[in-house]
Amino acid sequence: MTNYGQFCTVARGSEILGERWTPLVVRELLCGSTHFNDIRRGLPRMSATLLAQRLKKLEEVGVLRRVQEGSHQAYVLTPAGEELRPIILAIGHWGGEMDW
């Protein structure tokens, strides 16, 4: 994880969301994926190892938590993770409006 070593709130947020694939992992969770393989299907070019690392980091910073569902683990967004919904949606809207 990049550490900008600043107290700026944009820098602090970027330290988490600026990691490659992280916004897309959050997008998958916001869209209802809760199991590792569901998230992975939504991100077919992301390696399983990197996905596991990103999920662990998002759990460490309080964006998601792991819960036991029978014999399986699931990932659910915390209130802090849900607060990312308008940000992720805005990024998607902005990306769709760009004239590449």
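User: Hey, where does tryptophan 100 lie?

Analyst: Tryptophan 100 sits in the segment after H6. Keep in mind that this is a predicted model.

User: Is tryptophan 100 buried or exposed?

Analyst: Tryptophan 100 counts as exposed, because its relative accessibility is 78% and the cut-off for exposed is over 50%.

User: Which residues form a nonpolar patch on the surface?

Analyst: That patch is made of Trp94, Met98 and Trp100. Together they have about 440 Å² of accessible area.

User: OK, switching to the inside. Which residues have the most contacts in the largest nonpolar core?

Analyst: Those are Val25, Leu29, Ile39, Met46 and Leu55, in a core of 18 residues. Helix H2 (22–30), helix H4 (48–60) and strand E2 (72–77) each supply at least two residues of this core. In soluble globular proteins, nonpolar side chains tend to be buried together.

User: And what does leucine 55 touch?

Analyst: Leaving out residues up to four places away in sequence, leucine 55 touches Val25, Phe36, Ile39, Leu64 and Tyr75.

User: New topic: how many disulfides does the structure hold?

Analyst: The count is 0 disulfides. As for cysteines, cysteine 8 is partly exposed at 35% relative accessible area, and cysteine 31 counts as exposed at 61% relative accessibility.

User: Last one. Where does proline 86 lie?

Analyst: Proline 86 is in helix H6, which covers residues 85–97. Proline 86 is exposed, with a relative accessible area of 53%.

User: What separates the C-alpha atoms of proline 86 and threonine 9?

Analyst: Those C-alpha atoms are separated by 17 Å, with the two residues 77 residues apart along the chain.

Note on methods. Residues are numbered from 1 along each chain as its sequence is written. This is a predicted model: local features need pLDDT of at least 70, side-chain atom pairs count only at pLDDT 80 or more; totals for chains, interfaces and linings use all residues. Side-chain values use heavy atoms; hydrogens and water are left out. A nonpolar core is a set of buried Ala, Val, Leu, Ile, Met, Phe, Trp, Tyr and Cys residues joined through side-chain atoms within 4.5 Å. Buried means under 20% relative accessible area, exposed over 50%, partly exposed in between (1.4 Å probe, protein chains only). Helices (H or I, at least four residues) and strands (E, at least two) are DSSP runs, numbered from the N terminus. Contact means heavy atoms within 4.5 Å. A disulfide is a pair of cysteine sulfur atoms within 2.5 Å. Patches are made of residues with over 30% relative accessible area and no salt bridge: like charges are joined within 9 Å, nonpolar side chains (Val, Leu, Ile, Met, Phe, Trp, Tyr) within 5 Å. Accessible areas come from the Shrake-Rupley method with a 1.4 Å probe; for residues, only the protein chains shown count as cover. A salt bridge is a side-chain nitrogen of Lys or Arg within 4 Å of a carboxyl oxygen of Asp or Glu.
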